[in-house]
2 protein chains.
Amino acid sequence: MSDDDQELGITESKSHNTGEWYAEVVQKAGLADYGPEGMSGFIVTRPRAYAVWERLQGFLDAKFKDTGVQNAYFPLFIPESYLEREKDIVEGFDPEVAWVTEAGNQELEERLAVRPTSESIITPYISQWVRSHRDLPLRVNQWCSVVRWEATETKPFFRTKEFLWQEGHTAHATAEGAWEETMTRLDQYASVYEDLLAMPVLKGQKPDHDTFPGAETTTTVEALMPDGKSVQAGTSHHLGQSFAEAFDITFSDEDEEERLAHTTSWGLSWRALGALIMTHSDEQGLVLPPGVAPEQVVVVPIWQEDTKDDVLAYAEGVADDLDDAGIRVELDDRDERNPGFKFNEHELNGVPLRIEIGPHEVEDDELTLVHRPDGESVVEGRDGVVETVRDHFDEVYAKLYAAAEETLDGEVREADDRADILGTLGQHGGYVTAPWCGDEECEEPIKEPMAAEIVMVPFEDDDPLVDGDGDETCAICDADAERTAYFAKSY
Amino acid sequence: MSDDDQELGITESKSHNTGEWYAEVVQKAGLADYGPEGMSGFIVTRPRAYAVWERLQGFLDAKFKDTGVQNAYFPLFIPESYLEREKDIVEGFDPEVAWVTEAGNQELEERLAVRPTSESIITPYISQWVRSHRDLPLRVNQWCSVVRWEATETKPFFRTKEFLWQEGHTAHATAEGAWEETMTRLDQYASVYEDLLAMPVLKGQKPDHDTFPGAETTTTVEALMPDGKSVQAGTSHHLGQSFAEAFDITFSDEDEEERLAHTTSWGLSWRALGALIMTHSDEQGLVLPPGVAPEQVVVVPIWQEDTKDDVLAYAEGVADDLDDAGIRVELDDRDERNPGFKFNEHELNGVPLRIEIGPHEVEDDELTLVHRPDGESVVEGRDGVVETVRDHFDEVYAKLYAAAEETLDGEVREADDRADILGTLGQHGGYVTAPWCGDEECEEPIKEPMAAEIVMVPFEDDDPLVDGDGDETCAICDADAERTAYFAKSY
């Protein structure tokens, strides 16, 4: 094994050392580098990862625009006094804020927060823009970065002091309108995971004691990671009237009566990239569904001196056909690398489909297609290569989704008392469901010993315990169970 | 005139009070708001302006990707010690830097600069990524915001403390490669203005004493504004080897020799939006070329009670046809507004083409199309409306370009001594060209009394004075003229 080959190998085990394995994939597949000295907690997002983020952006942004959202851009900084106008926000974020105190060679009179989230600067503008019921609903979104100075260990895309995200902010005439908006965005987030990233997710709401600062309800999509932990993969908040009241969003209704608006906010961050990388990748490296892969298919010609011209010409023709059809294809005709090295490299980099072309393929007018990640190899005819490749993209997506779904289905377990919850979580990880009275105190006996928490509660309509017959009691206390709680460790 | 009508009118004169007129268009067309109290110099970019920025991004980003550029994302903050590694950068930007000094409830050990530009954080990573000549050229770009704490008065999109831009950074094996890159990006910037924004620009280089800190050559596209000032509309820097040396970008060449790379950087900001708004807009409001207009065409049905159903059905059919063809069309069928109000509003908002549909149009199977900005009205047949509308987009673009070109052509004047330069600038504004020895001292006698400077020098190949016969002497001193200088006031 040459130095080069060694460099391509992933040495950590996904199942035994998930964290180390993840860090190695991120680094060796060229997804991210750590920030400079003195800036722990920051990362550099390299082109291969950024390209995936751009495709996710394109997918989600199109959905936003189809459903009435307009993009805008608000200042990076928020004056301290603005942050303080919404006391829940300032309490929620104060310990994590980075402050600009000097600029232009002067001390500033007022500290400026680098935005940790933008409710407190966006809402006052919404208040200016809304006058009449005709201005509602009003929906703005921005794609930007935010800074939250968390002290915990850096995990690229999962936990960083600066992260890329989108934050949407809307105002509505009625509570129903705001609730509908909240759910529309949550469904769009679920679609990003399921339809684009080939990852099934659970949809529900955070327990009341764990909502976003100032929110009435925080809804969430949760994704299961291979180490049995849950990732909060996108949240959509029904803010009720608390922000409208703090920032005075009023409008005149159809009867010229002055009324207070209802608002929402919702965000999805590059944590989606982290969850994607962790879910599908393996010990050969990165695995990506075709919809987001920067290179969807690589054509690798395999020749000897006497067959080189024919093989290369054939391979070029195949690559050209795919390129013309808008498929992201790379022809790897490097002289200085052998086919085995190329296979390893493209597997490491997460190219979903490989086309191998040697003298036999040329002679028989065929192609050999190899799927990532399972290595399934299929021989197909050269005719209709565009259609064929698209079909195989669908197959790769379906395989990835099915594997993730099977894992998730096996990792939701029921329990009905404290010992059972703790034992099941300790033995298996994943989600443990249990009847719950709704009281934060009944989370403590699980959280304290196990660092697991209630990551989600199904929506009322999906939860048989809501308006049930009262037969079930809380797994922790003796009170009636109001809801089904999903306990899990989480990122 | 109702209150509403008054609100739509632009009251300032473009020719007499260009600055006030510009501020009024920006505000009334809903392009930007000023930042919150305590944050003068910041603006909020509203959806109509942001949508134009997105189209500009799409246009330029596609060109970047077609020519080997990959997008990435680097941290928002730069440790002070990194900034200091490139002394020219730190000297150039230090007075304008905003510093984060506290975060997570603690004083930081080292101040972090909010990036004013990212050479000093990106170049060290490029240094890690480049090992062999096979890694070159290496090209990364990021779309982000930067902060420069300038004390001058805020002018939305022209001068703000935070602005959106892209910054590209590349490394090359040879000086020629870096120079070619510099010019490729400058040409792409010129194309943004000429092909997308319908604005002719001048291409050239900054005088040596006005290059970017650390650069060997700064190339620029300059655009003429209606008040006779020049805008630096995009710059592309040949950085030579100064950054490669400071940050150690070396590579092994084909003979395994260690060599120092050559680098470039290039940026275009939302100042392009400012220049666009100022160039084409008028006293009815915003004017946009169809390529960037958020709404390209508005269909306004004009009915009486007895014709309403027919007119509306016909108008809807037209709007649907356009929408199906991917044209950004709005059907303005509001009941509560009369056609005159609608015309004014869409003119204010810069919709390039209006289609008026009344009973006559329905009867004759026709459409009345009205161009923004000149109000030219043309009757066309209903058949082939998609093709017709596209042709009219081309006409509107051509009109805008021709008008801007005519203005620019008339605003370049020659002068050959100091009095002539000052007199011509004083009387007309615009550009005054004069033979120049190349010495910074010969800019002073113009700069000091007039606040005009050498905004551009044509490239060597375009300048007859380079390698000329030495007959011409500098307009200020008696030395031989080396180059033609373009004097102008500038933003």
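Student: Which residue of chain B forms a salt bridge with A:Arg111?

Tutor: This is a predicted model: local features need pLDDT of at least 70 and side-chain atom pairs pLDDT 80 or more, while totals for chains, interfaces and linings use all residues. Residues are numbered from 1 along each chain as its sequence is written, chains are lettered from A and ligands numbered from 1 in the order written, and side-chain values use heavy atoms, leaving out hydrogens and water. A salt bridge puts a side-chain nitrogen of Lys or Arg within 4 Å of a carboxyl oxygen of Asp or Glu. For A:Arg111 the closest N and O atoms are 2.6 Å apart, and the partner is B:Glu102.

Student: How many salt bridges cross the interface of chain B and chain A?

Tutor: Contact here means heavy atoms within 4.5 Å. By that test, 58 residues of chain B touch 58 residues of chain A. The salt bridges found across this interface number six.

Student: Which residue of strand 5 of chain B stands opposite A:Trp99?

Tutor: Strands are DSSP runs (E, at least two residues), numbered from the N terminus. They pair if DSSP finds at least two bridges between them. Strand 5 (residues 98-103) of chain A and strand 5 of chain B pair antiparallel over five bridges. Opposite A:Trp99 stands B:Glu102.

Student: How much area is buried between domain 1 and domain 2 of chain A?

Tutor: An automatic or database assignment sets the domain bounds: domain 1 is 3-280 and domain 2 is 297-401. Buried area is the accessible area (1.4 Å probe) that two parts lose on being put together, summed over both. Carbon and sulfur atoms give 60% of the area here, which is about 1,200 Å².

Note on methods
Helices (H or I, at least four residues) and strands (E, at least two) are DSSP runs, numbered from the N terminus.
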